[in-house]
Amino acid sequence: MACLLLYFLDSIAYSRRLNTYTCVSFVIRLPTNIVMISPAKNRFFSLHLSFLLCTPFIALLALAGSRLAHAQTWENITVNLPVAPKVGTGQSMASVGSDLFIIKNNGVLKSSDNGITWAAIDSVSGNPNDLSTFGTRSIDAVGNTLWAGGEPGSLAITGGVLPLHKLTLPSASWTPSFAGATIPAVIDAVAFDAATNTHWASARLSGIFKSTDGGATWTPANGNLPGVNCNSIIARNGRVIAGIINHGAFTSTDGGATWTNNGVPLASIGFLVAIGDNVAVRGSGSSDSRYFSNDFGLTWQSTTEDAAAGLRTLINTCADATTMFAGGTELSFSPTFVPTYTPKVAFSLNGGVTWDDILASGLPLGAGKDVVRLCRHGNFLFALTGENQLYRLDFTTVSLTPTLKIAVHPKIDKKLTGGTLTMKVFAGGPGTLNYQWKKGGVDVSGQITDTLSIPNAQPSDTGNYTCVVTAGPSSVTSNAARGTVVDKVEGRYDPTYDRTNMAGGETGTPFLQSDGSLIVPTSGGVYKLGPNGGKTDSRAIGGTTGYNGRLVDSSGRILLGGIQGNSSTHRVRRLLGSAGFPDDTGFPQLSANNVIRGITELTGVGYLVWGDFSTMGPAGGTQISVPRIAMVSHNGSLNSTFITNLTTTLGAQGGVTPSQMFVDGDGFIWLVYGDRVLKLNSSGTAAAGFTPYIGLSSPDFISSSRLLKSGKLLVTLATSSSRPLRLIKPDGTFDTAFNTANLPLTAPFTVADEQADGKIIIGGGFNGFGSNTFNSRYMRITATGVYDNTFYNAAGFSGNNCTGLVYDPRGYVFMASSANNATTGTFQDSSTIGDTIGQNFVRVFATPAPPVGTSFTTWAAGISFPPGLSDPDDDPDNDGFSNLIEFALGSNPLNGSGSQGPQVAAPAVIGIDSYPTIAFNRRTDATGITLTVECSGTLPFAASYGTTLVSTTPLGGSMETVVYRSNVSLASDPSQFLRVRVTMP
């Protein structure tokens, strides 16, 4: 019996050495015996039940249970340190080989036996002031080199102490860094990018620095960062990511010259942690915001997935080669609102996509005792708490098994017919994950990866999609996301227009730019929307503002006129159209003594400003008499000659503020009052050959007006019984062929624009035109004023007026409503599309302008081709490009320009997927040809994968550079071929 007991004891010890978590893995109760299996040696033991009465055996079971409880418990080892550890502003611990380092208040401690014994390592080479004489803030390990960030204080002046020291093991002496550079007061973190041989350092008070000589000298690298309070920095393969407190995570790909926030807006940002290209960062707050990136900061995904019921703040992170860790606290409340602070440590095995708690006890409870720093060292995880206590957890006793869960659910996708419908799910769990996408609960054939991809999508593919993720016998289903595929129908909402970062306020006066983007001056600033949506730039002007006058002039500068600062301050100011819309210092702010109503431009002369004022001049300078209307030159001076002539011309009308002013393409000025329309020359004299419209104040006053591109004035006449639409021709007479049925609007229109084919799009607060009723708040009529029922207009902007409208010759109409919220309201088929549309800017399809440019024949006639080599298929310079391709690409067919043809560009990155791209120059004025970009996975070309335009860059004149990408990721097919195809009937 004694032998059997000893043998059992040996089994327990043996299993402990092999890191098993229990001494017995299986127990079977027999009538008189207990059969136990030892996992360490696969041995069977049988004990008679009478053996349980044996005191040594009972003690043995108690001992085994004690070991198990201790093995999954954090152990406080603070007593082992000669002095208290310190919670630094950066990382407080670092692991290098068999050595663990931790900062103290002044200096660094080192342990080579997993925290059992410690010794100070403070000596500085060539300096009597070692690390023990000034404060230590952080410690970072780069390979076998340690970097200690400090705060030398007055010693920086009296003792020449620098804020950063490095130590390359096995040396025991530190070397000062930052000599000869702009020296910051403190350093909080250091990172190293082996690909560029660059060290990066962050300072909470001075921003970011970089060194290319191993830390001997450093230079600032703050670029365009919005702040310099940096708490964390990581670098890899030419990219660097910095955590900027109060702003979020910023990425630079050009050595710190420029920085971009690619989707981490966290104000309370934690430490960045990375494993390869996988990066994670967490922020404090009620949602415990988590972000992760699979491409080292180029794109980010956010998730607030968390199984805990309380408020979690797990912002302190670290990682080993495979696992990320996060520490912090969880705050919960009892039914009587008594708070409980529970320390938490979580882990992630998939680069921060999903997180699970490490189930271990022993950490202190209470406010201020949370886990504030973590470090993985060998088989232990070390934790430093807010009360400067050091704990460790033996990882050989803890099972890190992730829970199957979805971190990021699929998002809605909207494509035009023929595009690729795409959705993605991010999940984590134990073992291999399997995926099955479903539409309306039915499996979608072949869609068995984490990404749904349906090329050449059709309207029949519209539906609600879910993804079922399985791991072994367990499964979890994602939330449903709407996939919508629509045909191009004129007047129908374009779902591909990006509205994701329009946060409200973009409703204003839209001015179309040559690349299809919009500059939108508003009552309180200015926005810019990209050619296919998305807010790309903005400037809000603080204080009490109310800019009624808004203009983007012929040079792309923004004029704002109205209330600025308070209700009695009336200003005209000009902003530049460059990034951030800065003030144009070459244009003096103008001051008026009363309300400014509007601004328009007289090309080549200046700006017409109108309102209720009687004087105007430089702010704080001499004011001159300019009753109601002022002509301001492009340099900001006032044209008093114009004002004098205008007053003489208008007579009594000069004492009335116009409701609208327009300048037509011939330089004539149209003035619209409630009861009349006048037309002036650019000098302010009455235009010859124009018959002023003078109506009775009732019933024929003008309630709304817009000058069209054709030079005609569209007006609504408010008669006693209706509001008929009318066109006033350039000579002042009514166009008798327009709206011969005398159809009225139910309310005045607000905005209007004219298509290239003469059709007119009108927006406002109306819901009917004649017998045609609708709730779209917009409509299209023909050039003769007939309602165009081919232009789709269903439900509109949730009953709000259409207040902004502009026609895009590419084949769109941009429209905005009067509301200031981009996330509420409905528009057209919101429920079908699965998105909340309406309010702010939307885009609907319209008739594109016919191509105007150069044909192949015209182009070829201007080139001296060798005899017989001028046909489209000829190649006179033998560069492999036919004349037709040279024409389409804008290259010279006679100088061997084939090397300037389409080139492979950097892959386009969408989420974690990369897509092959092709870049080339092309003519924008080429007519009579069809240029398409094709992609195939085989040669010769088989069925095309389909391509998508990524970017367009104007080159000046009639040339532009374009980049197209495949619709199939490189992960799905790493071998792809792209080509440009040019055809001519």
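**Close-up views of a predicted model**

**View 1. Isoleucine 102 stands opposite leucine 109 in E7.** This is a predicted model, in which local features need pLDDT of at least 70 and side-chain atom pairs count only at pLDDT 80 or more, while totals for chains, interfaces and linings use all residues. Residues are numbered from 1 along each chain as its sequence is written, and side-chain values use heavy atoms, with hydrogens and water left out. Strand E6 (residues 99–103) and strand E7 (residues 108–111) are antiparallel partners over four bridges; two strands pair if DSSP finds at least two bridges between them. Strands (E, at least two residues) and helices (H or I, at least four) are DSSP runs, numbered from the N terminus. Isoleucine 103 has valine 108 in E7 as its bridge partner. Four residues lie between the strands of this hairpin, where glycine 107 takes a positive phi near 115°.

View 2. E7 and E8 are joined in the antiparallel sense over two bridges, and leucine 109 faces alanine 120 in E8.

**View 3. The second largest pocket has a volume of about 1700 Å³.** A pocket, on a 1 Å grid over the protein atoms alone, is an open set of points where a 1.4 Å probe fits, with protein on both sides within 12 Å along at least five of seven lines; lining residues have an atom within 4 Å of a point. Grid points are joined across faces, edges and corners, and the volume is the space filled by probe spheres set on them. Of the 47 lining residues, Thr509, Phe511, Thr600, Phe662 and Arg706 lie nearest the centre. Elements giving two or more residues to this lining include strand E45 (544–552), strand E48 (596–602) and strand E57 (701–707). The lining has 19 nonpolar, 20 polar and eight charged residues; Ala, Val, Leu, Ile, Met, Phe, Trp, Tyr, Cys and Pro count as nonpolar, Asp, Glu, Lys and Arg as charged, and the others, Gly among them, as polar.

**View 4. Cysteine 230 is buried, at a relative accessible area of 0%.** Cysteine 467 is also buried, with a value of 0%. Buried means under 20% relative accessible area (1.4 Å probe, protein chains only). The structure holds zero disulfides, a disulfide being a pair of cysteine sulfur atoms within 2.5 Å.

Methods
Buried < 20%, exposed > 50% of the residue type's maximum accessible area, 1.4 Å probe, protein only.
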